[in-house]
Amino acid sequence: MRYITLQQAAQQLKLSEQQLIKWAQQGYLTLYVRHNKGNTFPRASSKFLNSVAFSSQMPTVYFLADEVEELAEDLAWSRLGLQAMAHDEDEDTAGR
């Protein structure tokens with residue numbers, strides 16, 4: 001599995017790091033922390049997620065790259081849908 005940092009995920013998704021932390025707290029994304037020994041990435045506990053939200057010193061946390069890429073695709077489709085709806089509304093008001 002490939003992991004990316006919170007900062008990389010925020011840049012890729014064009015969202016704030018705080019928003020991604022909130023989504024992880026709400027269960028939409030899975031957050032991982034790097035284990036000190038070796039190259040393992042255990043899933044962050046809910047207690048850890050709650051402490052991260054109020055911490056001024058954010059530890060390095062990670063997401064699965066595949067999960068972030070899937071979310072990026074979903075957000076892109078959502079943005080396209082919103083643009084299409086806005087375009088349809090503009091056409092409706094112009095025709096009146």
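**Close-up views of a predicted protein model**

**View 1. Buried face of helix H1.** Helix H1 (residues 6-13) has as its buried residues Leu6, Ala9, Ala10 and Leu13; buried denotes under 20% relative accessible area, exposed over 50%, and partly exposed the range in between (1.4 Å probe, protein chains only). Viewed along the axis of H1, these buried residues lie within an arc of 100 degrees, so they line one face of the helix. The arc is taken over the directions from the helix axis to the C-beta atoms. An α-helix has 3.6 residues a turn, so residues three or four places apart point the same way. The model is predicted: local features require pLDDT of at least 70, side-chain atom pairs count only at pLDDT 80 or more, and totals for chains, interfaces and linings use all residues. Residues are numbered from 1 along each chain as its sequence is written, and side-chain values use heavy atoms, with hydrogens and water left out.

**View 2. Lys14 after helix H1.** Lys14 follows H1 and lies in the loop between H1 and helix H2 (17-25). The phi of Lys14 is near 60 degrees, a positive value in a residue other than glycine. With a relative accessibility of 70%, Lys14 counts as exposed.

View 3. Two strands count as paired if DSSP finds at least two bridges between them.

View 4. S1 pairs with strand S3 (residues 61-64) in the antiparallel sense over 3 bridges, and Tyr3 stands opposite Leu64 in S3.

**View 5. Elements and contacts of the protein.** The protein has 4 helices and 3 strands, arranged from the N terminus on as β-α-α-β-α-β-α. Helices (H or I, at least four residues) and strands (E, at least two) are DSSP runs, numbered from the N terminus. Of the 96 residues in the protein, 26% are buried. Among contacts (heavy atoms within 4.5 Å) between residues at least 6 apart in sequence, 62% join residues at least 24 apart.
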